[in-house]
Amino acid sequence: MATGPLPLPITSSLISSSSNGHSTSSSRSKLPPLLLPSPLPRHNYQQQAESKKRRELLKGGLGLLPLALVESILKEPLTVPSAEAKEAVVGSYLPPSPSDPSFVLFKASAKDTPALRAGNVQPYRFIIPPTWKQMRVANILSGNYCQPKCAEPWVEVKFEDEKQGKLQVVASPLIRLTNKPNATIEDIGNPEKVIASLGSFVTGNTYDPDELLETTVEKRGDLTYYKYALETPFALTGSHNLAKATAKGNTVVLFVVSASDKQWQASQKTLKAMLDSFQV
C-alpha cells in the first residue's frame, strides 16, 4: 500500500551543539521552518505609545467612565499622528472677533466634532486669544464611538496656551441629568445641582462643593446660562476653574477655562472674557 512521506525526524545531527554549548548556525539552518524558535516580541514604539495612551487617558478623566466602557474603548487601536499634524496658533486661521480685535472668534461647525456632524450638539461660539492652539481630542473621548446616542459626557474641543491656561467644551446627554425631553437648564435644577452633576468634568477628577466660590445666572436670548467660579487646588485641570453651562436640544453644553496659580495671576481677566463670550 502506498503511503505519504513520513514526517522529518528530529535527529541529534539536526540539534547538535558546538563545543561552547550554543547551537551552530549551520545546524540551526537545517531545522524545518516549524521547528525554528519564534522571534522574541520587541518592545517597540507602538507598545510604548499604547502604554502612554492608557496612562494619559486615565489621568485625564477616562477613569470617571464606567469600568466596562473603559475596558472596551482602551482596546481601540492607536494611530500615531504624523509629524506634519502639528497644532497651529488659532490666530493663523480664525478671524478677528468683531467685538474685540485682540481676540479671534471660534464658531464650531459640523466639520469640527462628531457630535456636531451627528446633529447632537447645537453650534456654539466663543472668543479666544490668537496665541492659543487647538489640541487634538482623543477619539475615545470625543464621542465619536457612540454618536448619536452617547450615554456619558464627551469632550467637544480643547485649546491651550502654556502661559495662560486651558479651555475645553464638554457635552453631556440631557438624559443623564433629567428625564424631561428638551429640558431647559432650569428644568434640570438650580446652579448648585447642575455643577454637582458635572463638576468632575470641570476638574478632571473629583468635585467638592466647598470648591465653589460663586454662581451667576445669565439670560441670553432664549437660553439661560449658569456661570461658576471654582477654586480647585487638587484638580487635574488647574487650581482655578471658570465654567458656564446651558441646555439646548438633547444636550447640556459645558464651557470650561482652567489655569494654574501662575497662569491665573497673569490671565484671569482674559479667561473671564472668554467665559463671558461663550454662547450656543
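Leaving aside neighbours within four places in sequence, Ile128 is in contact (heavy atoms within 4.5 Å) with Val90, Leu94, Phe103, Val104, Phe159, Leu167 and Met274. The model is predicted, so local features need pLDDT of at least 70 and side-chain atom pairs count only at pLDDT 80 or more, while totals for chains, interfaces and linings use all residues. Residues are numbered from 1 along each chain as its sequence is written, and side-chain values use heavy atoms, with hydrogens and water left out.

**Exercise 1.** Determine which residues have the most contacts inside the largest nonpolar core, and which elements each supply at least two residues of this core.

*Solution.* Begin with the rule: a nonpolar core is a set of buried Ala, Val, Leu, Ile, Met, Phe, Trp, Tyr and Cys residues joined through side-chain atoms within 4.5 Å, where buried means under 20% relative accessible area, exposed over 50% and partly exposed in between, with a 1.4 Å probe and protein chains only. The largest such core has 37 residues, and those with the most contacts inside it are Tyr124, Phe126, Ile128, Phe159, Leu167, Phe255 and Met274. At least two residues each come from strand 1 (104–107), helix 4 (114–118), strand 2 (125–128), strand 4, strand 5, strand 7, strand 9 and helix 7; helices (H or I, at least four residues) and strands (E, at least two) are DSSP runs numbered from the N terminus. Apart from this core lies another, of 22 residues, which includes Leu177, Ala183, Ile185 and Leu254. As general background, nonpolar side chains in soluble globular proteins tend to be buried together.

**Exercise 2.** Describe the surroundings of Thr251, and state whether this residue is buried or exposed.

*Solution.* Thr251 is found in strand 9 (residues 251–259). Its relative accessibility is 1%, and Thr251 therefore counts as buried. When neighbours within four places in sequence are left aside, the contacts of Thr251 are Asn120, Val121, Trp154, Ala171, Ser172, Leu174 and Thr246. With one of these residues, Asn120, the approach is through the backbone oxygen, which the side chain of Thr251 reaches at 2.5 Å.

**Exercise 3.** Work out which parts of the chain are linked by the salt bridge of Asp276 and Lys227, and which network includes these two residues.

*Solution.* A salt bridge is a side-chain nitrogen of Lys or Arg within 4 Å of a carboxyl oxygen of Asp or Glu, and by this rule there are eight. The side chains of Asp276 and Lys227 meet at 2.6 Å, N to O. Asp276 belongs to helix 7 (residues 261–277) and Lys227 to strand 7 (residues 223–231), so that distant parts of the chain, 49 residues apart, are linked by the pair. Asp276 is partly exposed at 35% relative accessible area, whereas Lys227 counts as buried at 14%. Through salt bridges that share partners, Glu218, Arg220, Lys227, Lys244 and Asp276 are joined into one network.

Methods:
A polar contact is a pair of N or O atoms within 3.5 Å; within protein, one must be able to donate a hydrogen and the other to accept it, and residues adjacent in sequence count only if both atoms are side-chain atoms.
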